[in-house]
Amino acid sequence: MVLVYAESPRGQFKKAAFEAVTFGKKLADQLGQSCAAVVLGNVQGDPGELGRYGASRVLQVANEQLNTLDSQAYAQVLAEVARQVGATVVILSHTSTGKTVAGRVAVRLNAGLVSGVSSVASVESNGALVVRKSVFSGKATAEYAIVSPVKVLSLMGNAIRPEAIGQPVAAEVLPVAVPALRVRVREVRTVEGRVPLPEAEIVVSAGRGMKDPSNWGIVEELADVLGATTACSRPVADSHWRPHHEHVGQTGIAIRPNLYIAIGISGAIQHLAGVNNSKVIVVINKDPEAPFFKAADYGVVGDLFEVVPRLTQAIRKFKAAQ
Amino acid sequence: MKFLVCISQTPDTTARVAFTPDGKAYDGTGVTFIMNPYDEWYALVRACELREALGGTVVALNVGPAANETTIRKALAIGADEAVRIDAEPTSSAFTARQIAEYARAENFDIIFLGKETIDYNGAEVGAMVAEYLELPYIAFASKLDLEGTTAVVERDIEGGVEAVEVALPFVVSAAKGMAEQRIPNMRGIMMARTKPLKVVPAVPADEPVQVVKFTLPPPKAGVKLVNPEDMDELVRLLHEEAKVL
């Protein structure tokens, strides 16, 4: 059995959960096994809907204590569910939740862990599972063989698309004991509106070339027509032109959207470390010598204050014609 | 208070990435190695700040060969009181976590700090493993940490925001940007670091359930395709028809 932890932060499934279930189903097919999804805590809507993405069983531990992420309790419950269903592979998402829990689950199950997996390379005849992941901040790829009987991996966001490859199923409630929590949530502050950066398929990012925070309107407009999330470079976040959570790069967050549009960002190596796993990179900069052009797929050398509104206009026209 | 800060040594951010001919290992020939930035800038500095405010001891721990002692001395120069080196190549997250846990088990640290991940293998795995071995709470990607008596209030980065949690000591935490500001060691710190204790501890045997098959470098980019800044319709066409991302 391939067991997928379908995470539901604050009671809601995100794209990461659907990606993980689809990934789990495809791996299960390769192994000649079936795929079960497990849900922790209370969720909005019917968890059985996860069947659409490929889970043949959906298990729910509906204890409301699990609405709080306490990594110890999560790991204990996930490991117990894995034992009950006889899981050979446990899959989590490589998110803030997954990163907190995956290592613990691996220790509990005496299992090898590879985090941030982008694909399965092979299933070996000796039972080893070979997976690929990006290392050195996107500058290289590693293949690792997980050789333990039980294997744990966390799936990088946007590594695959969720696919409707199954049917909804009736969720089964699993009675699993939940230990006393040792972590208490005081407050959650999230930004409403745009898709969070790690989940975004299109990201529009801007840097010091914007000259002043009051100029961000053209970036927001471009993001709006694309349904994109906005990001920024480190100097911009450090001078409080934009909020800290928008900072992508080595010390900020690493993202891998399908399309990354960099506006007025020179492309320092620390910035590239956070974005060079993007599928397609567009760079708009007036300086033809900007190092970012070397990492770009498409480049526009020009004044961003003219180019960006023109691009917004072109996309609007394109969307209207679709 | 007793704080443990786990420090890794990584290639410098700007170092070229190359592998041995068999593709099995990183080729560090001629590369400058540094303390992993998250460990140094955030984890270590915050531990030192708390020690300065509350008293106690900061122990810096590295799993690595003797060559890592330059990096370990830097941690002492920044402000750690003493250091421990577990004498082994840190071959995997599982191995490293097991070594840290074995050492920390008997020492009763109030907080065990790590950086959120290393900048080479980008695993973000060790902290959770250490916490599980020691049966301690674990807060990952913390951008703020304050103590209120024996309770810590920790803010952790989550997708699109921040979650503030309370956790009683002892616990394990991984540090992200925001937890502290980078400190440059001063001359006095560098001098003092020379005489601070650095204990070398043998490693314990550990399973290696994950093995490297190979490392590969990505094929070189085809090169940037420049688009006329007057013709953004052309860029949209390329993104739609060629790159297929619109």
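A residue is called buried here if 20 or more other C-beta atoms lie within 10 Å of its own, exposed if 12 or fewer, and partly exposed in between, with C-beta atoms placed from the backbone. A nonpolar core is then a set of buried Ala, Val, Leu, Ile, Met, Phe, Trp, Tyr and Cys residues joined through C-beta atoms within 7 Å.

Before the details, some bookkeeping. This is a predicted model: local features need pLDDT of at least 70, side-chain atom pairs count only at pLDDT 80 or more, and totals for chains, interfaces and linings use all residues. Residues are numbered from 1 along each chain as its sequence is written, and chains are lettered from A and ligands numbered from 1 in the order in which they are written.

Now the cores. The largest nonpolar core has 137 residues, and the members that touch the most others are A:Leu78, B:Val5, B:Ala60 and B:Phe113. Helix α1 of chain B, residues 37-54, gives the most to this core, with 9 residues. Helices here are DSSP runs of H or I of at least four residues, and strands are runs of E of at least two, numbered from the N terminus. A separate, second core of 53 residues includes A:Leu226 and A:Tyr260.

What does B:Ala60 contact, leaving aside its neighbours within four places in sequence? Its partners are B:Val5, B:Ile7, B:Leu44, B:Ile72, B:Ala75, B:Leu76, B:Ala80 and B:Ala83. Contact means C-beta atoms, placed from the backbone, within 7 Å.

On chain B as a whole: 6 helices and 13 strands, with 48% of its 246 residues buried.

Next, the interface. Chain B puts 65 residues into the contact and chain A puts in 75. On the chain B side, β9(B) supplies the largest share, 8 residues. That side divides into 40 nonpolar, 12 polar and 13 charged residues. For these classes, Ala, Val, Leu, Ile, Met, Phe, Trp, Tyr, Cys and Pro count as nonpolar, Asp, Glu, Lys and Arg as charged, and the others, Gly among them, as polar.

Strands also pair across the chains, which takes at least two DSSP bridges. Strand β7 of chain A (residues 140-146) runs antiparallel to β12(B), joined by 6 bridges. In β12(B), B:Val212 is the bridge partner of A:Tyr144.

Last, chain A. An automatic or database assignment sets domain bounds, giving domain 1 (2-173) and domain 2 (197-321). Their C-alpha centres lie 32 Å apart, and 10 residues of domain 1 are in contact with 10 residues of domain 2.

Technical notes. Contact = placed C-beta atoms within 7 Å.
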